[in-house]
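Dear colleague,

I am passing on the structure below, together with some notes on what came out of going through it. Please have it open beside you while you read.

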Amino acid sequence: MAKLRGPHLSTPLTLLGSDRDALLRGDEGILDPGEDARYLVSRAGAVALHEDEDGTLHAVLETEDPRGGTLQPLVLLGRRDGYRVLAVEVPEPSPELDDPGRDLRDLRRVADRLHDRDADLAAAAVAMGFWHRSMRHCPQCGTVLEAEMAGWVLRCPEDGIEQFPRTDPAVIMAVRDGQDRLLLARNAHFPSGFHSVLAGFVEPGESLENAVAREVGEEVGITVEEVEYVGSQPWPFPRSLMLGYRAWAPGADALTLQDEEIAEARWFSREELAAALEAEEIQLPGAASMGRALIDDWYGRSAER
Ligand SMILES: [Zn+2]
């Protein structure tokens, strides 16, 4: 299939460029300052990056602890080139904490230009940043939680209950009919012209395959007969994991659109998609997304205008 760019795990693990070193998380002093400490700053889905002459973006690993006097938790992302890489989620803009030279870029918008080596680091920094922002109090008793295990566990000092970072699985599927046409739809929340493949969250107690079939049935009223897993991509906005599927609905008849969810949906042959792109009638998701990778996989090449 088309190579997934940006934050994903479908490439060989050697491309990720860092070791999470999860076994070190319990070590004393693992978050302490030191010559081997490097800091990656994030804020609400944006991460500190720098752009090289080619336009490729790289994670900025700062040498000074950027927290000033604040108590923002640190998270050990892992080790790279002998350095401990520590993520820091900084709060809303403040003159005290903002280094004027720091360039925080929204990862969702720039993921396709991110160097492969930094994809895992940036996705993990953003995901952990969102988690530390949202999980402050014990869900049982409301006490302020304390970070442990290098930022990967939050424990309640009153009752000892531990919280762990969560990932929400979502399926995303390229549905084909008996003529090998691809189903593209416009979600009611998407701007006019914007089409993609169908997607939805996995419900509790449901298998991934059943989630694919259920979502397709609910959204466009057709029956999927076969599904095939393609690959996954972390989508940490704030905490999804996209699980990509090819799906076949050979007996598909008329589409019945779910009123509030799907504004438009239709089958495209490859020629029809080429013509619609050429005429600028439709727009597809960005190059870094799993949705686009699935469309390109069916199309046989990059579906660019
Ligand atoms: Zn508690």
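To begin with helix H3, its buried residues are Ala211, Val212, Ala213, Glu215, Val216, Glu219 and Val220, where buried means that 20 or more other C-beta atoms lie within 10 Å of a residue's own, exposed means 12 or fewer, and partly exposed covers what falls in between, with the C-beta atoms placed from the backbone. Helices (H or I, at least four residues) and strands (E, at least two) are DSSP runs, numbered from the N terminus. Please note that this is a predicted model, in which local features need pLDDT of at least 70 and side-chain atom pairs count only at pLDDT 80 or more, while totals for chains, interfaces and linings use all residues. Residues are numbered from 1 along each chain as its sequence is written.

H3 covers residues 208-220, 13 residues in total, and spans 18 Å from its first C-alpha to its last, close to the expected 18 Å, the expected span being 1.5 Å times one less than the number of residues. An α-helix has 3.6 residues a turn, so residues three or four places apart point the same way. The buried residues of H3 pack against strands S10 (168-176), S11 (182-187), S12 (198-201), S13 (226-235), S14 (240-248) and S15 (262-268). After the helix comes glycine 221, with a positive phi near 70 degrees.

The largest nonpolar core has 40 residues, and those with the most contacts inside it are Met173, Val212, Val216 and Ala247; a nonpolar core is a set of buried Ala, Val, Leu, Ile, Met, Phe, Trp, Tyr and Cys residues joined through C-beta atoms within 7 Å. At least two residues of this core come from each of S10, S11, S12, H3, S13, S14, S15 and helix H5 (290-299), and H5 gives the most, with six residues. Leaving aside neighbours within four places in sequence, alanine 247 is in contact (C-beta atoms, placed from the backbone, within 7 Å) with Met173, Ala174, Val175, Val212, Val216, Val224, Glu226 and Val227. Apart from this core lies another, of 34 residues, among them Leu40, Leu49, Leu107 and Leu114.

S13 and S14 run antiparallel and are joined by nine bridges, two strands being paired if DSSP finds at least two bridges between them. They form a hairpin with four residues between them, and proline 234 stands opposite leucine 241 in S14.

A separate point concerns the open antiparallel sheet of three strands, in the order S7-S8-S9. S7 (146-148) and S9 (162-163) stand at its edges with a single partner strand each, so one side of each is left without a neighbour in the sheet. Three bridges join S7 to S8 (residues 153-155), and glutamate 146 stands opposite arginine 155 in S8.

Finally, two backbone angles deserve a look. Most residues other than glycine have a negative phi, and most peptide bonds are trans. Alanine 150, in the loop between S7 and S8, has a positive phi of about 55 degrees and is buried, with 22 other C-beta atoms within 10 Å. Glutamate 280, in the loop between helix H4 (270-278) and H5, has a positive phi near 60 degrees but is exposed, with 9 other C-beta atoms within 10 Å.

With best wishes

Note on methods
Two residues are in contact if their C-beta atoms, placed from the backbone, lie within 7 Å.
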